[in-house]
Amino acid sequence: MLNELLKERDLPELLTMSDGSPVTAEKWPERRKELLRLLEEGEYGKFPEKLGETRYTEKRRDRTCAGVAVTRQIDVTFPAPDGQDFTFPAMLHVPDSATAENPAPAFVYISFGFPYYTPLEELMDEGVVIAEFCMNSVAHDGEDNWTTLLSPHFYPDGKRPGNGTGKIGMWAFAASRLADVLLSLDFVDPSKLGVLGHSRLGKTALWAGANDERFTHVFSNDSGCSGAAITRKKVGETFPRICQVFPYWFSENMKIHSASIEASESAPFDQHFLLAAVCPRKVYVASATEDEWADPTSEFLACVAASPAWELCGKTGLVAPDRLPEAWDTLAEGNVGYHLRKGIHFLSRHDWIRYIRYLRGE
Ligand code: GTR
């Protein structure tokens with residue numbers, strides 16, 4: 001049944017190199033680079049290059065969560081493309097159980113603002129480190145003609161080349177810089193480093209995780225259009241609509257593929273390329289039953305369509321019965337994970353707990 005549903009989407013071939021030759025396991029790293037290039041060129045813009053060391057300073061440290069954790073407020077500084085330093089604030093939430101002797105799994109959590117969607121006491125009780133930053137302290141989530149925060153460091157004259165990064169790329173780059181910080185801490189287990197975001201920040205987490213191979217687990221919560229959801233025959237939000245409302249999230253070139261539904265359905269990529277670019281690492285997608293704007297079926301089908309990449313590399317992709325998921329299904333056995341929560345567009349405790357279990361390898 002799932003194969004039939006995928007056929008109807010008429011997706012671009014994942015396992016054919018751009019020169020028409022078949023992708024082999026040996027050629028996977030090369031194919032992964034092609035996928036990233038297609039997504040850079042057509043959708044998000046070039047993923048920024050790291051130009052030097054990331055530094056941080058601690059501004060404040062408090063005991064939190066009834067005294068079982070410490071929250072550190074830090075400023076993270078990295079060299080921007082114009083040669084100047086850029087600094088953004090972040091929070092490190094560290095449960096007492098995370099020590100050098102017992103390093104903990106950790107998430108970079110890209111947030112809408114402190115403390116949205118963050119059930120911190122439960123998260124600390126689960127023993128995971130959370131490093132969060134707010135998108136609006138890196139790049140303003142609105143039209144600013146590239147004049148505020150990180151944007152003018154990329155486009156000092158306000159002009160952006162066709163494949164110049166959009167705001168999703170800037171947020172994703174900041175997630176990588178916060179990973180630099182986490183990976184310098186001895187109480188973090190580098191073999192369990194997740195990146196997570198909800199909705200527009202789920203798109204961002206996928207883009208960060210697709211590019212930065214230090215993220216071992218990549219989590220997309222209700223990311224929908226231009227995130228985990230297949231674009232071809234998607235319901236709810238479409239490329240034309242998202243680019244009309246949020247053009248600054250994407251590259252200028254994305255306008256080519258968002259000019260019409262037909263244009264979006266003949267792009268040389270679809271969103272299963274984004275999930276597959278995480279291979280051979282792990283990617284996990286979650287949907288909510290009432291989130292029709294994101295389109296749970298198209299999010300699920302992207303997981304199915306991306307899975308052959310893992311199978312080619314001798315790993316399991318999504319392990320799922322041959323039917324569409326039902327509410328509360330959790331499919332977390334493979335290197336592609338998925339769950340369908342009942343309810344609305346939201347990052348809930350149910351979602352967090354499943355992500356934590358997946359990150360821990362349970
Ligand atoms: C909506 C947008 C979605 C999703 C959502 C969110 O307005 O259409 O793509 O990103 O915002 O971020 O909450």
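**Helices, ligand and loops**

Helix H6, residues 200-211, has 12 residues and spans 17 Å from its first C-alpha to its last, close to the 16 Å expected at 1.5 Å a residue. That expected span is 1.5 Å times one less than the number of residues. Helices (H or I, at least four residues) and strands (E, at least two) are DSSP runs, numbered from the N terminus. The model is a predicted one, in which local features need pLDDT of at least 70 and side-chain atom pairs count only at pLDDT 80 or more, while totals for chains, interfaces and linings use all residues. Residues are numbered from 1 along each chain as its sequence is written, and side-chain values use heavy atoms, with hydrogens and water left out.

Because 11 of the 12 residues of H6 are buried, the helix is largely enclosed by the rest of the structure. Buried means under 20% relative accessible area, exposed means over 50%, and partly exposed is in between (1.4 Å probe, protein chains only). Among the buried residues of H6 are Leu-201, Lys-203, Trp-207 and Asn-211. Helix H5, residues 167-182, is mostly covered too: 16 of its 16 residues are buried. H5 reaches 23 Å from its first C-alpha to its last, close to the 22 Å expected.

The ligand is next. The residues around it include Arg-200, Lys-203, Glu-237, Trp-249 and His-345, where a residue counts as near if one of its heavy atoms lies within 4 Å. By class, this shell has five nonpolar, two polar and three charged residues. Ala, Val, Leu, Ile, Met, Phe, Trp, Tyr, Cys and Pro count as nonpolar, Asp, Glu, Lys and Arg as charged, and the others, Gly among them, as polar. An N or O atom in the side chain of Arg-200 is 2.5 Å from an oxygen atom of the ligand. For Lys-203, a polar side-chain atom lies 2.9 Å from a ligand oxygen atom, and for Glu-237 the distance from a side-chain N or O atom to a ligand oxygen atom is 2.4 Å. The protein covers 80% of the 320 Å² of accessible area that the ligand has on its own (Shrake-Rupley method, 1.4 Å probe).

His-93 lies in strand E3, residues 85-95, and is buried, with a relative accessible area of 4%.

The last stops are in loops. Asn-335 lies between strand E9 (330-331) and strand E10 (336-341), and is buried at 9% relative accessible area. A polar atom of its side chain lies 3.0 Å from the backbone oxygen of Thr-316.

Most residues other than glycine have a negative phi, and most peptide bonds are trans. Ala-66 has a phi near 60° and sits in the loop between strands E1 (55-64) and E2 (69-79); at 77% relative accessibility it is exposed. Asp-222 has a positive phi of about 50°, but at 1% relative accessibility this residue is buried. The peptide bond from Cys-279 to Pro-280 is cis, with omega near 10°.

Key
A polar contact is a pair of N or O atoms within 3.5 Å; within protein, one must be able to donate a hydrogen and the other to accept it, and residues adjacent in sequence count only if both atoms are side-chain atoms.
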